[in-house]
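Hi,

Here is the structure I promised to send over. Have a look at it first, and my notes follow below.

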Amino acid sequence: MSQSKTAIGSSFGSPLTTLSEDEQMFRSSVREFAEGELRPRVEAMDEAGKLDPALIKQCFDLGLMGIETPEEFGGAGASFFTAIVAVEELSRVDASVGVFVDVQNTLVNNALIHWGNQEQKKKYLNRLATGSVGAYALSEAGSGSDAFAMQTRAVDKGDHYLINGRKLWITNGNEAEIFILFANANPEAGYRGITAYIVEKSSPGFSVGKKENKLGIRASSTTELILEDCAVPKENVLGEVGKGYKTSIETLNEGRIGIGAQMIGIARGALDAALAYTGERQQFGKSINQFQGVQFQLAEMATELEAARLLVYNAARMKDAGINFVKEAAIAKLYASRAAERISSVAIELYGGYGFVKDYPVEKYWRDSKIGAIYEGTSNMQLQTIAKLIIGK
Ligand SMILES: Cc1cc2nc3c(=O)[nH]c(=O)nc-3n(C[C@H](O)[C@H](O)[C@H](O)COP(=O)(O)OP(=O)(O)OC[C@H]3O[C@@H](n4cnc5c(N)ncnc54)[C@H](O)[C@@H]3O)c2cc1C
């Protein structure tokens, strides 16, 4: 009896929300940065529609721009889960900074770590960890969900490619110096012509176009990219020619967990604000959190947030463990984006009229939450992935 007890005892796993000592320390330092440096700037950055350059520098100085990047390339050499913790903590205060750090880590660095050759890693990962912002350019005006229908073309000119086309909706477009950009180098082959390129802002024929004026994550730049006979050296092909479709799918599978983290950060920010406010606001001679109706709304919010958090953490831990996580990542993003939207919406209601004005933080959480159902695959595309994987077709 005691023997079987020992055997069962030793096979226990850790609760998903139990962090290692390193993870806890990392979380505390990101939170301190978010509360101390980010919080005071949130409103002005949202109003201006621009990230404060001082904050961008601090993100690099704190090592937030190369979390998973191996130490030999100037990064912190930490886990994917650690990057997820950073995105969550930053988004709890400002989802624009959350996605700024998220795109750098889960899309740009990630693509280079997995698909870059040694020279590319040495050249670009170091820069991305220490001072250069990156962006990930897949979408175009006519190709979003159907990303492989892209019209951007790359023509082989011997020692370089000439790229022509336009990209739309590119996060970090204004700040970035290094772009992971997708173009079709062999349109006859359909999606098997799609190739990933590392494009520098300084490349001839490359320019950044219009910046979008958005509902939410306003401080995060979203821009058009224009490529007119943009010359990209052959050594800047990322992975194999014609395998860009694979690079984009696999990178976005991981990136999706980052968006889930952004969403649970938003939801936590909104719930924390609602908990504080409902404890202070007096109506009918008592704090409004003394009313069972309000208590139940807060309890529902906490329940949804906990579920979303477990889904996101599980997908991230699966990724680090080398287990196939595609379905779990899609579920986590789908659910977390819905939870963030609902939780931030109820938070506005709990603030009453004060929730509807910009003097209080909750309307921004709601505006910021909406993007979770759109980028890195809309909610319908997540449902399509989940359905395919559970039905087996
Ligand atoms: C703020 C912001 C930042 C972004 N950042 C980036 C970035 O950094 N890099 C990048 O490459 N892209 C980026 N995007 C683009 C984003 O990924 C796309 O907007 C998204 O994939 C949806 O594409 P679309 O806008 O063309 O919508 P569409 O694909 O036209 O979709 C419109 C609607 O049709 C539905 N739909 C489409 N096809 C199907 C189908 N087969 N079944 C069911 N429903 C379907 C969709 O779910 C959606 O509801 C960003 C977008 C925004 C708004």
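What radius of gyration would a compact globule with 393 residues have, and what does the chain have? The globule would be near 21 Å and the chain has 22 Å, so the two agree (taken over C-alpha atoms, with the globule rule being 2.2 Å times the number of residues to the power 0.38).

Before you dig in: this is a predicted model, where local features need pLDDT of at least 70 and side-chain atom pairs count only at pLDDT 80 or more, while totals for chains, interfaces and linings use all residues. Residues are numbered from 1 along each chain as its sequence is written, and side-chain values use heavy atoms, with hydrogens and water left out.

The chain has twelve helices and ten strands (DSSP runs numbered from the N terminus: H or I of at least four residues, E of at least two). Buried residues (under 20% relative accessible area, 1.4 Å probe, protein chains only) make up 51% of the 393.

Helix 6 (residues 95–115) and helix 7 (residues 118–130) have axes that come within 9 Å and cross at roughly 165° (lines fitted to C-alpha atoms over the stretch in contact, angles from 0 to 180 degrees between N-to-C directions). That makes helix 6 roughly antiparallel to helix 7 (over 145 degrees). In contact (heavy atoms within 4.5 Å), Gln104, Val108, Asn109, Leu112, Ile113 and Trp115 of helix 6 meet Gln120, Lys121, Tyr124, Leu125 and Leu128 of helix 7.

Cheers

Terms used. Angles under 35 degrees count as roughly parallel, over 145 as roughly antiparallel, 65 to 115 as roughly perpendicular and the rest as oblique. Buried means under 20% relative accessible area, exposed over 50%, partly exposed in between (1.4 Å probe, protein chains only).
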